[in-house]
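Trainee: I'm new to this structure and would rather get to know one part of it well than skim everything. Could you pick a single helix and take me through it closely, then show me how the rest fits around it?

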Amino acid sequence: MKSADSLDDDYLLDLNASPEPTRTKRNRSEADEDDEDEDNNGPSIVTLPTADDIIDEAPDSDPETTPAATATTAATKKKPKKEHPKKKKKLNTDLEAKSKLARAEMFELAHSVEFTPDGDDEVPLPADRSIESLLAYVTAIKKTSESQILIVTPSAERAITVIPALKPIGKIAKLFARHMKVEEQVKQLQAHAFPVCVGTPNRILKLLEAGALKSENLGYVLLDGTSRDKKLRSFFDIPELKLDVIALLKLVSDNKVIVF
């Protein structure tokens with residue numbers, strides 16, 4: 001060890017200076033005490049923005065005007081495709097051709113002939129086949145004949161549509177199955193001489209077979225063959241009607257059967 005005499009003056013000056021604080025290692029208890037002091041003195045608090053603050057500061061936007069919403073709306077509001085006129089015309093032509101074949105087949109199977117009103121004393125068929133023209137045609141026939149006119153429709157719904165248009169002619173016999181029994185219709189036909197009868201093939205067939213409706217009292221039988229249902233089927237295109245229509249045509253083969 002060196003003696004005090006051997007030390008230089010700088011070292012002595014250092015001894016007289018205040019010593020530098022030394023970093024001492026704190027134990028866990030001392031660290032906890034410091035934390036408690038910080039809590040008591042109120043540490044500095046950093047305030048974070050809340051969700052409401054973020055929402056308030058967000059720019060106003062209409063969800064319906066956002067690009068994504070606009071694209072979705074445009075996709076859901078696509079304009080329906082228009083059917084090409086040529087395709088529609090071809091479809092109508094194909095349906096007409098199919099109906100004509102079925103129509104000719106039914107008349108052939110029934111050994112019946114479709115009546116063509118081309119005589120001088122006959123009422124010509126109108127070019128426009130509609131309910132309105134049906135009224136005019138039946139009215140013209142009634143002026144030349146006192147016989148009953150039978151109008152055969154493919155369904156009760158169609159009959160209900162036709163009957164109101166014919167009311168100016170007089171009381172119309174309703175010959176279909178909806179809400180009416182065969183027995184009730186037999187009594188009505190026996191009690192009244194209806195100028196015009198409107199009904200469906202099956203019910204008319206039953207009334208003819210029962211004798212309540214007599215073919216010799218019928219002058220004209222008009223088949224509602226130009227109208228079409230929701231499936232675009234005509235009177236002759238409905239499979240469920242085929243057998244009844246053929247049987248009906250056989251019973252009225254001596255009458256003037258016209259496809260209206």
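Mentor: Let's take helix α6, residues 131-144, and start with its length, keeping in mind that this is a predicted model. At 1.5 Å a residue, the 14 residues of α6 should span 20 Å, and the end C-alpha atoms are 21 Å apart, which agrees.

Now see which way the side chains of α6 go. The buried residues are I131, S133, L134, Y137, V138 and I141. Looking down the axis of α6, you find these buried residues within an arc of 145 degrees, so they line one face of the helix. There's a simple reason for that sort of spacing: an α-helix has 3.6 residues a turn, so residues three or four places apart point the same way. On the other side of α6, E132 and K143 are exposed.

What does the buried face sit against? The buried residues of α6 pack against the helix α7 (156-162), and also against β1 (148-152), β3 (196-199), β4 (218-223) and β5 (256-259). 

Helix α8 covers residues 182-191, and its buried residues are Q185, V186 and L189. Down the axis of α8, they fall within an arc of 105 degrees, so here too they line one face of the helix. E183, K187 and A191 are exposed on the other side of α8. The cover over the buried residues of α8 includes β2 (172-175), β3 and α9 (201-210).

H111 is exposed, with a relative accessible area of 70%. The loop between α5 and α6 also holds D121, which is exposed as well, at a relative accessible area of 61%. T144 belongs to α6, as the helix runs over residues 131-144.

Another residue with a positive phi is L232, at about 65 degrees, and it isn't a glycine either. You'll find L232 in the loop between β4 and α10 (242-251). L232 is partly exposed, with a relative accessible area of 42%.

Then there's the largest pocket, which has about 240 Å³ of space. Of the 18 residues that line this pocket, R103, E114, R129, T226 and V259 are the closest to its centre. Both α5 (85-109) and β5 supply at least two residues of the lining, and α5 gives the most, with four. By type, the lining residues divide into seven nonpolar, five polar and six charged.

Finally, step back to the whole chain. The protein chain has ten helices and five strands, and 30% of its 260 residues count as buried. Among the contacts in the chain with a separation of 6 or more, 69% come from residues 24 or more positions apart.

Notes: Residues are numbered from 1 along each chain as its sequence is written. This is a predicted model: local features need pLDDT of at least 70, side-chain atom pairs count only at pLDDT 80 or more; totals for chains, interfaces and linings use all residues. Side-chain values use heavy atoms; hydrogens and water are left out. The expected span of a helix is 1.5 Å times one less than its number of residues. Buried means under 20% relative accessible area, exposed over 50%, partly exposed in between (1.4 Å probe, protein chains only). The arc is that of the directions from the helix axis to the C-beta atoms. Contact means heavy atoms within 4.5 Å. On a 1 Å grid over the protein atoms alone, a cavity is a set of points where a 1.4 Å probe fits but cannot get out, and a pocket is an open set with protein on both sides within 12 Å along at least five of seven lines; lining residues have an atom within 4 Å of a point. Grid points are joined across faces, edges and corners, and a volume is the space filled by probe spheres set on the points. Ala, Val, Leu, Ile, Met, Phe, Trp, Tyr, Cys and Pro count as nonpolar, Asp, Glu, Lys and Arg as charged, and the others, Gly among them, as polar.
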